[in-house]
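Dear colleague,

Please find the structure below, handed over for your own work. My findings follow it.

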Amino acid sequence: MFDFLDKPLYAEYGGILGAFWVTIELTFFSAIGSLIWGTILAAMRVSPVPVMRAFGAAYVNVVRNIPLTVIIVASSMVLADQLLWTLGGSDSREISFRVAVLGFVAYTSCFVCETLRSGINTVPIGQAEAARALGLTFFQVLRIVVLPQAFRSVIAPLASVLIALTKNTTVTASIAGIEAAGLMAAMIERESDKVMLVFAMFAVGFVILTLPMGMFLGWVAKKVSVKR
Amino acid sequence: MTQQASVLYDAPGPRARQRNVVYTVLFVAAVVAAAWWLLDQLAERNQLDAQNWTPLLEAGVWTDFFLPGLLNTLQAAFLSILIALPVGVLLGIGRLSQHAWIRWPAAVWVEFFRATPVLILMLFARELYRLTGVDTDILPLYAVVTGLVLYNASVLAEVVRAGIVSLPRGQSEAAEALGLRRSQVMTSVLLPQAITAMLPAIVSQLVVIVKDTALGGVVIRFEDVMAQFRPLPTSDYRPSVLATLTAIAVIFLVLNSILTTFANWLEKWLRQRKKGTGTVVTADLMEEQAPGVRLEDTEAGAAGKDKG
């Protein structure tokens with residue numbers, strides 16, 4: 001039943017497992033990048049400097065209203081094709097991978113930023129005021145009072161962002177066939193007698209990737225949530 | 001506004017204000033330097049030449065490419081939400097059913113389609129329609145709408161469920177005390193309130209749908225706004241790829257900003273009006289709704305609950 005998987009065209013992807021591995025790699029690197037850039041953006045959005053707040057707000061409101069597809073296609077057709085950015089990649093496959101990660105970071109960091117910011121906003125102002133009244137310094141207030149509470153309330157939303165990112169990596173198929181959705185696009189046209197099987201394989205693949213992650217992190221979030 | 005940051009900072013004194021001026025200068029310098037570097041790179045590749053951008057000002061670019069594309073985008077988006085909404089309501093109610101044989105299939109359906117990427121659903125739908133001999137002109141629209149409906153019905157099902165769960169308990173208790181049957185409690189008491197509470201969330205889901213149609217434009221060859229990035233740069237008008245993509249991004253930005261503003265206004269209006277319980281399923285964080293995560297456990301769901 002699965003003989004068709006051995007075709008040389010699919011072997012380029014490393015088979016179905018290889019394709020899903022690229023999905024995982026894309027998710028992993030994009031997640032790390034988004035966490036870093038998203039945290040910087042969130043820091044800007046809550047900073048006391050008006051210009052930084054304005055920049056953070058403008059970035060988030062512009063980028064998150066643009067379809068990810070536009071961003072990924074632009075990363076490939078403008079950054080890679082026109083500006084010849086290689087980002088250290090040596091062949092077209094590697095370059096596609098890297099500019100895609102760049103695009104995912106640019107987009108996903110908006111949601112990381114908004115999540116972190118809303119986490120900080122869940123901490124009642126009285127908490128910080130009480131801490132300051134006790135004579136704690138700025139960094140003590142942040143480290144002992146505000147951030148521990150904020151962090152606990154962002155676990156579930158951040159998990160959702162991570163899962164959305166995992167699913168969003170399929171948009172890479174619009175610029176290069178390197179990951180799971182690209183392989184599915186190639187496969188489903190050729191195996192017209194096994195459409196259901198091909199769909200089921202890829203859909204279940206994503207369910208396996210995302211559902212346990214969501215359930216586990218949802219459980220963790222509930223466990224550590226701050227009762228108010 | 002300094003209001004939102006006040007959990008982190010006190011009102012600045014003279015020294016803090018001085019420091020902020022220094023930060024402002026450094027930050028602006030850094031942003032200008034980064035922008036300069038990027039523009040310099042673009043100029044080097046002749047991307048900023050006027051002939052690449054001026055074609056966008058010609059009427060034909062809009063009447064022949066962007067506007068027909070935008071019409072298709074809107075058509076797909078509205079069709080999707082119109083079909084997804086009733087399906088989502090049924091699934092959402094199904095998940096709250098007392099009968100396990102309804103509850104479980106509904107739960108499996110919702111979690112499965114929330115976990116599957118929209119692109120996978122679109123590719124599958126396209127192939128299914130192709131094999132069943134659907135007309136090739138209409139096929140991309142069908143595939144895009146089918147993919148979006150399958151995904152968004154499941155997302156909306158969760159919103160419906162969170163909406164119903166977030167209503168004050170007294171609502172269903174009072175209805176039951178009046179002797180209404182469970183189906184009556186649902187259809188004449190809970191559902192109308194839940195749908196009202198959901199309105200902002202539905203409008204923001206429309207933003208997600210509009211953005212996802214672009215995926216169909218590239219991969220399924222659906223003739224939406226996004227799809228114009230292929231024919232337009234090679235047409236007689238010859239704007240550059242960068243200019244075309246910029247225009248597409250701006251079109252989406254304007255469209256989605258209007259929808260977002262409307263959703264926020266709706267949310268504020270619903271919270272302030274006297275009628276009803278004031279329960280609102282907030283529009284925030286809709287996009288990241290993930291499989292396995294219960295909406296009412298997250299901030300978005302909890303926010304509605306507090307006001308209930």
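Of the 228 residues of chain A, 56% are buried, where buried means under 20% relative accessible area, exposed means over 50%, and partly exposed lies in between (1.4 Å probe, protein chains only). The model is a predicted one: local features need pLDDT of at least 70, side-chain atom pairs count only at pLDDT 80 or more, and totals for chains, interfaces and linings use all residues. Residues are numbered from 1 along each chain as its sequence is written, chains are lettered from A and ligands numbered from 1 in the order in which they are written, and side-chain values use heavy atoms, with hydrogens and water left out.

Chain A contains 9 helices and 0 strands; both are DSSP runs numbered from the N terminus (helices H or I, at least four residues; strands E, at least two). The C-alpha atoms of chain A occupy a box of roughly 70 × 45 × 25 Å along the principal axes. Its accessible surface is about 9,800 Å², with 69% belonging to carbon and sulfur atoms; the areas come from the Shrake-Rupley method with a 1.4 Å probe, and for residues only the protein chains shown count as cover. Among contacts in chain A (heavy atoms within 4.5 Å) between residues at least 6 apart in sequence, 76% join residues at least 24 apart.

Helix 7 of chain A (residues 138–168) spans only 38 Å between its end C-alpha atoms, whereas a straight helix of 31 residues would span 45 Å at 1.5 Å a residue. The expected span is 1.5 Å times one less than the number of residues. This helix bends by about 45° at A:Val146, and A:Pro148 follows within four residues; the bend is the angle between axes fitted to the seven residues ending at a residue and the seven starting there.

Chain B has 11 helices and 0 strands. Of its 308 residues, 51% count as buried, and its accessible surface comes to about 14,800 Å², 63% of it from carbon and sulfur atoms.

An unreviewed UniProt entry lists "domain: ABC transmembrane type-1" at residues 70–263 of chain B. UniProt positions are given in the numbering used here, feature names are shortened, and annotations may be inferred rather than shown by experiment. In the model, that span is 82% helix and 0% strand, and its end C-alpha atoms lie 21 Å apart. The unreviewed entry also places "transmembrane region" at several spans of chain B, including residues 21–39 and 138–160. Residues 21–39 of chain B are 100% helix, and residues 138–160 of chain B are 96% helix.

Helix 8 of chain B is largely enclosed by the rest of the structure, because 30 of its 39 residues are buried. B:Ser204 lies in this helix (residues 182–220) and is buried at 13% relative accessibility. The side chain of B:Ser204 reaches the backbone oxygen of B:Pro200 at 2.8 Å. After the helix comes B:Arg221, with a positive phi near 65°.

B:Leu242 lies in helix 10 of chain B (residues 241–272) and is buried, with a relative accessible area of 14%. Not counting residues up to four places away in sequence, B:Leu242 touches A:Val78, B:Leu42, B:Gln47 and B:Trp53.

With kind regards

How values were computed
A polar contact is a pair of N or O atoms within 3.5 Å; within protein, one must be able to donate a hydrogen and the other to accept it, and residues adjacent in sequence count only if both atoms are side-chain atoms.
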